[in-house]
Amino acid sequence: MRTWVITTMTLTAMVMLMTGCRQSEIWEMPQENAVYYWRTEWRTDSVERDFLQRFHVQKVYCRYFDVVMRDGQPMPNASIRFVEGQLPGIQLVPTVFITEDCMHHPRKELAKLLVDRIVQMNDTHDIAGIKELQVDCDYTARSRQTYYDFLQQVRSEARRHGMALSATIRLHQLSMPVPPVDYGVLMIYNTGDPYRFAERNPILDMRDVRPYLRYLAGYELPLAAAYPAFRWIRNFQGVHLEHTAEASEVLKVKAAMEKERPELCNTILTYHLDKENINHYKTETYEAIYHH
């Protein structure tokens, strides 16, 4: 069994970490439309392909697998199965969700194993032209340094394969130092407390977003913006609840975000591509969300 223990960084790695933020500042956010794809099978139907074409979506951030703790080791879980090949004109960005618990049990070579697995999946399924990958983690102040060390290692491994690295940024993470990645995708959804459903919409509510607006201008990392286009169904104490973000709320939050940070109108994502989600908003709403 492999033992994965993160060692103390060398002086060279420390220099890379300190200069990572300056390096990321040269990343220019292009004007492009994108979506997340968060399912366990890569398969699109005519409705979804029409959505990609109609709204000029050029990039799909596709969840390849999760990394979770199992038997004391960080292990891949719920890997995607490619039922069909790449779509013409669509750039895939392999995306991996890693639980914060993995950062409390750091292991040597985890970054290399993660990148190698992505490369292997691409080779196995004839997925070509991969230029970047993304890591998604709901890190906190407690796990931040270990996570940033891990990201620095992932970034080095990704560069060996000619790929850039991005990371998701949640609103509460805007108050922390920036991670050592090329750019971040600001997740502007799941902003509220799901147990306060009677007071606010947990997917998106301007009252939950407003306290974080003050961090946007000074956050020293290029950012894309991701907005919700999904339905959340759950049972709470025997009550069937369904949450969707109102179109008016999404556009109000978008306007407020872009006022504080105009760059957020460049690269825009929605979460996530699914024919059941597409009908939540009218065409004009998607056009407004994807407006640059």
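**Exercise 1: a helix residue**

Find the element that holds E157, then decide whether E157 is buried or exposed.

Solution. Start with the element: E157 sits in helix α5, which covers residues 144-160. Keep in mind that this is a predicted model. Next, take the relative accessible area of E157, which is 15%. Buried means under 20%, so E157 counts as buried. Finally, look for its contacts: leaving aside residues up to four places away in sequence, E157 touches A111, K112 and V115.

**Exercise 2: a loop residue**

Locate L216, explain why it counts as buried, and list what it touches.

Solution. First, L216 belongs to the loop that runs between α6 (206-209) and β10 (223-228). Second, the relative accessibility of L216 is 0%, and therefore L216 is classed as buried. Third, with residues up to four places away in sequence left out, L216 is in contact with L174, L186, L223, M257, E260, R261 and L264.

**Exercise 3: a pocket**

What is the volume of the second largest pocket, and which residues line it?

Solution. Begin with the volume of the second largest pocket, about 200 Å³. Sorting the lining by class gives 4 nonpolar, 3 polar and 2 charged residues.

Definitions and conventions
Residues are numbered from 1 along each chain as its sequence is written. This is a predicted model: local features need pLDDT of at least 70, side-chain atom pairs count only at pLDDT 80 or more; totals for chains, interfaces and linings use all residues. Side-chain values use heavy atoms; hydrogens and water are left out. Helices (H or I, at least four residues) and strands (E, at least two) are DSSP runs, numbered from the N terminus. Buried means under 20% relative accessible area, exposed over 50%, partly exposed in between (1.4 Å probe, protein chains only). Contact means heavy atoms within 4.5 Å. On a 1 Å grid over the protein atoms alone, a cavity is a set of points where a 1.4 Å probe fits but cannot get out, and a pocket is an open set with protein on both sides within 12 Å along at least five of seven lines; lining residues have an atom within 4 Å of a point. Grid points are joined across faces, edges and corners, and a volume is the space filled by probe spheres set on the points. Ala, Val, Leu, Ile, Met, Phe, Trp, Tyr, Cys and Pro count as nonpolar, Asp, Glu, Lys and Arg as charged, and the others, Gly among them, as polar.
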